[in-house]
Amino acid sequence: MNIIILIKQVPETSNVKMDEETGTMIRDGVESIINPLDLYAIEVGIQLKEKFGGKITVITLGPPGAEKALKEAISMGCDDGILISGREFKGSDTWATSYALAEAIKKIENYDLILAGERATDGDTGQVGPGVASFLNLALATYISKIVEVSDKNIIAERLVEDGYEILRVPLPALLTVVKEISFPRLPTLRGKQKAKKTEIPVWSTENIELDKSKLGLKGSPTRVVKIGHPRVTRNGTIVKATDDESISETIGRLLKFIQEKELIQRGH
Amino acid sequence: MKYNPVTNKIIAKLVKIVDSKNVLTDKEKIEAYSHDEMPREQYAHMPEAVVTPETAEEIAEIVKLANKELIPVTPRGAGSGLSGGAIPVFGGIVISVEKMNKILEIDYENMVMVLEPGVVTNDVNELIAERNLFYAGYPMSLETCFIGGNVAENAGGGKAIKYGVTGRYILGLEIVTPAGEIIQLGGKLVKDVVGYNIKQLIVGSEGTLGIVTKVIVKLSPLPKYKVDLLVLFKDVKSAISMVPQILTKTGITPTSIEFMDKLSVQTSCRYLNEHLPYQKAGAMLLIEVDGNREDHVSDDAETIGELCLKNGAIEVYVADNYTTQERIWSVRRNIAEAFKVVSPHQSLEDIVVPIAYIPDLMPELALISKKYDIQIPCYGHAGDGNLHATLVKNPRSTMKEWYEIEAKSLKELYESARELGGTISGEHGIGSKRKDFMEIAVSKNELDLMRRIKKAFDPNDIMNPGKIFDME
């Protein structure tokens, strides 16, 4: 089973700052890491490879430094990496990114499955995975929390939805985006690091991929950041306080009443 | 009792010195000042009053009053100690420096910082990181502890192999002596040999010789890169015997070598819901190297990793970015917390031996564990010989039995460390907890000399009495 995994390099989130004027993130001096949610896609990809054999290719679109993220994925157990990079991609939104990734994937023959994380922790859109599937006209399943069964033609997977799970049978090749529940990412090993160090990462750009340049970069992106605002928290908390030992049971009574009124405890079905 | 109580008259005088908002006598409020991070029911003692002064002058006035009236004074930082240093064992007045938390000066030209004692040590590093500087003396309990407490305990921590402990970075101090004088010691000087080195005598004196009111710390350039290795071994012996080898054979001084036995790793991983393959490892080492060149740091990590693999390591994991580094360090950092969930009754120890003898210490721990039928998870700063062997109460024992077992097993643990040329505490201090064991660690002559020094500073024995040793 040959697998393609889409990853993104993101700023380490505890240090993110925004440029209020341009509405984009300030990435200077901030450590870049693999989007934490992509690690679950990498892990589940490696598990599938361990079970069914095959090869894993990790792809990212980003600046030259994003090579580091690909190497990290290889050190975890992926086989190859492809970096899509060049000035023409700068400022690409999710649509332009999906377009470029899809065209690059068209060049890779013989894949059965594409995996991606649920969303990136910086942009938070969750659009690129579905976007790529749409450009490639592939079956798509998002929020996958478990791979149940894999056969030659299909993959059966559990999809996390708000009030439970859906079981889907998806024809291969397909694109799945996965959620945290699916796996526990492994750590890179020393042997993996050594292998990654030796692995050459090819850089693809408009020179290698057939791309319409007018559909790339900031200019080719339909998305416009009009304004950046900060959401205001409108919730109000209530603190139920007991002032002394005697008032404890009365206080608990008030708390119980609140829980009842708000119907916070549901009876089992 | 040789001390006098804190009467209403004394309270009125305290209010006059620091204002009523800085004097606490409410039982509920002062309860928080009766304990540190050790089990409360065993070690806590209520103060009679707590004051939160804002200046050295106020502290000097309070201490003068206490000295005149023979009232014990206990200085207190963040209360994150593990030896009872901040517990007012004779009641009296607790002087908490929590309101003296200003950063007075950042002197980039001289690479020093002047701090009030209540500054949270971790905040210092967050503040100067963007100037590519750091204070290298910070201990493991980094998120809460105060610099004043670090000085009083001469705190160590996980980076001591390369960077040493608190004392190395203290260039100057201002203290209030037990007589209530304000004295400046040292300054912004790297070298200073004028007279006795009283500044370093204060460092690690556990608040028995005076109260630190100002600290001048040395800053160091922040290394740009670090790589961590998490190395899995089949058993404790193969992990521990690796430590002296790494230190003597690679030509590399790692920033830290932390050891974790199976029980420690399992307990922490379960607590964190971390799915590292801990089941297959009998023990682990967490090794960190740092430096300014990415390739050098990565080469150093590789050299150490290869040496471990050559000596039977099961697996070597490499963490060279924030995500993976946080993941593996959080296993190490959460061990103590995880054990508190398992059993609140335990004795967290910090014995230390010369690095070459760490392997010899481990069988001793196993013997004590077997003899008294208690678990002794062991983890800690193996790279500097400082191990957190922790005695955990067997759930089957009653509290009375546990206290007896604890006292006996502690004595044997300390004696084992001593026999290997080590000592009973590497970084937590003696405080009230270990003072009965001082004779295992130091000679009678040395102890007498310490008493004479204490007497010279504090003739009335009002400054943090009942700590380190008794006066007679």
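This is a predicted model: local features need pLDDT of at least 70, side-chain atom pairs count only at pLDDT 80 or more; totals for chains, interfaces and linings use all residues.
Local features are described at pLDDT of at least 70 and side-chain atom pairs count only at pLDDT 80 or more, while totals for chains, interfaces and linings use all residues. Residues are numbered from 1 along each chain as its sequence is written, and chains are lettered from A and ligands numbered from 1 in the order in which they are written.

The model has an ipTM of 0.84 and a pTM of 0.87.

Chain B contains an open sheet of four strands in the order 1-2-4-3, with mixed pairing; strands (E, at least two residues) and helices (H or I, at least four) are DSSP runs numbered from the N terminus, and two strands pair if DSSP finds at least two bridges between them. Strand 1 (23-24) and strand 3 (73-76) of chain B are the edge strands, each pairing on one side only. Strand 1 of chain B runs antiparallel to strand 2 (residues 49-51) of chain B over two bridges, and Val23(B) stands opposite Val51(B) of strand 2.

Turning to helix 13 (residues 335-342) of chain B, its buried residues (20 or more other C-beta atoms within 10 Å of their own, against 12 or fewer for exposed ones and partly exposed in between, with C-beta atoms placed from the backbone) are Ile335(B), Ala336(B), Ala338(B) and Phe339(B). Seen down the axis of helix 13 of chain B, these buried residues fall within an arc of 160° (of the directions from the helix axis to the C-beta atoms), so they line one face of the helix. The face turned away from the buried side of helix 13 of chain B carries the exposed residues Glu337(B) and Val341(B).
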